[in-house]
Amino acid sequence: MPSWFASLLNPLLQILSTLGVPEESGPIVALILLYLFVTLLIISLLFLIWRVSRRGRAEAVRQPEPKQDGTAAVSAEDESPVTPVPVVQPVAVGSLHSGLRKTAASLIGRLEGVFGGRHTLRSEQLEELEEILITADFGMATTQTLVAALEKRFAGTDAESSAIYQVLQEEICLLLQAANPPSVTQLVTPEVIMVVGVNGVGKTTTIGKLASRFVREGQKVLLAAGDTFRAAAAEQLSVWAERSGAGIVRHDDGGDPAAVAFDAVQAAVARKVDLLIVDTAGRLHTKTNLMEELKKVQRVLDRAVPGAPHRTLLVVDATTGQNALVQARLFNEAVGVDGIVLTKLDGTARGGIAVAIAAELKIPVCFVGVGEGVEDLRPFNAEVFAEALFSADEAA
C-alpha cells in the first residue's frame, strides 16, 4: 500500500474504530467511504463546470441592463438597423377558402341534408340547424341569434337552400363586423403589442410570423422573450427574430418576465423601433397567480411607456373548440384582450368558434392561421370568412 494512501486511510480507520466499526470490517468500510467521497467530488466539479459554461452562453446573448438614467444600454451590434423588405402584396382570397375547407365541407354537407331543394321552413329544420351550428362551435348564444334571424326571414314561406345560405352568410358577417376590429394605424412609437395565450396554441410561432409580416411592411421590429419559464422558448423566438430580421431582448431562463419587458421597452425607445412585440409565458387560464403575473407585465410596460401595451392579442387554437371561447373570456377579464389570433384553422371542421368569440365577447379576430408557412398567417376579413364558410367549390 503506498505511504500516501496509508496516511489517508489510517485516520479514517481510527475514526471508524471509535464509532464502533469492527476492526476486520474497517478497511472495507473506509474504502467505500473514500470511493463515495471521490465520486461526489467529481460530480460536484462537473456540475460546477456545466454551470459556468451555461452562464457564459447566457451572457453572450443577454441584453445589457438599463443605465441609471433609465435608458437601455445598447451595444453596437444592437444598434445595427434592420433592413426593411418591400411591402407584401395582398394575399389571395382563395387561401382563406382553402383553410376553411374542412369547416365548409362539414357545414354545407349537413345543411344540404336539411335544406336541399326548395322547402317551407319548419320548426324541425330549425332544430336540426341548431344542432349543426352548435357542433360546428358557433356556440349556443350565436346559434340562437342565427336561427332567430333565419326564422324571421323565412318562417312559413318557401325558400331555396341557396337563399337560406345567403342569409346565414350575411348574418354571420354582421356578427363578425359588430366586434369592431381596432384600427391598425400606429399612433405612438414604439407601439407595444403584448401576446398572451396558453401553452400549445402556437403563440411563439405566431409572434415570429407577425414579426416577419411587419418587417416586410417596412417597420423596425423588436421582440421581447418574456416566456422565461418554458424550456427553449427564448431560443425559439431568437430563431424567428433572426429569420424575420427583427431584434430581440432576452434574459436567462427562469428570469422575471416583467424585467424582460422593462428592458425591452427601454431598448425599443433607445433603438427607435416602430413596433415591440412582447411574448409572455404560456399559462393555464385557470391559474390565478399566473394571470397576476401578466398583470404585472402590463403595469411595467405602462410605467415605461404610458398607455402600453397598446394592443393585447390572445392566441387561441381553433381545434380546441369551445375551450377557446372559455380562454378568451377569462383572459379578457384578467388583462383585457383587444384582438384574437386564431391558429390551426385549417386543421378543424369547427371554424364557427371565430364567430362565437366575436359575437359573444365582442372581441375581433385580427389574424387567422391557415397553414404552417410564414405567409399562412392572414389578416382576418369578415366578409371573406363568411363567404368561405358557404363556399361549395372549396367544400367539394
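## Helices, strands and the model

Helices are DSSP runs of H or I with at least four residues, and strands are E runs of at least two, numbered from the N terminus. This is a predicted model. By that reading, the chain holds 15 helices and 10 strands.

## Confidence

The mean pLDDT of the chain is 81. A value of 70 or more is reached by 80% of the residues.

## Burial, surface and contacts

The chain has 396 residues, and 47% of them count as buried. Its accessible surface comes to about 19,200 Å². Carbon and sulfur atoms hold 57% of that surface.

Residues 24 or more positions apart account for 77% of them.

## The α4–α5 pair

Helix α4 spans residues 101–115, and helix α5 spans residues 123–135. Their axes come within 10 Å and cross at roughly 175°. Angles over 145 degrees count as roughly antiparallel, so α4 is roughly antiparallel to α5.

On the α4 side, the contact is made by L107, R110, L111, V114 and F115. On the α5 side, the residues are Q125, E128, L129, E131, I132, L133 and T135. Together they divide into 7 nonpolar, 2 polar and 3 charged.

D137 is not a glycine, yet its phi is positive, at about 70°. The residue is found in the loop between α5 and α6, the latter covering 140–154. Is D137 buried or exposed? The relative accessible area of D137 is 2%. Buried means under 20%, so D137 is buried.

K272 also has a positive phi, near 60°, and is a residue other than glycine. Its place is in the loop between α10 (257–271) and β6 (275–279).

## A cis peptide bond

Which peptide bond is cis, with omega near -5°? The bond from A308 to P309. P309 lies in the loop between α11 (288–304) and β7 (311–317).

Conventions. Residues numbered from 1 in each chain as written. Predicted model: local features only at pLDDT ≥ 70, side-chain atom pairs only at ≥ 80, totals over all residues. Heavy atoms only, no water. Buried < 20%, exposed > 50% of the residue type's maximum accessible area, 1.4 Å probe, protein only. Contact = heavy atoms within 4.5 Å. Areas by Shrake-Rupley, 256 points an atom, 1.4 Å probe, with all protein chains shown as cover. pLDDT = per-residue confidence, 0-100. Axes fitted to C-alpha atoms, helices over the stretch in contact; angles between N-to-C directions. Parallel < 35°, antiparallel > 145°, perpendicular 65-115°, else oblique. Nonpolar A, V, L, I, M, F, W, Y, C, P; charged D, E, K, R; others polar.
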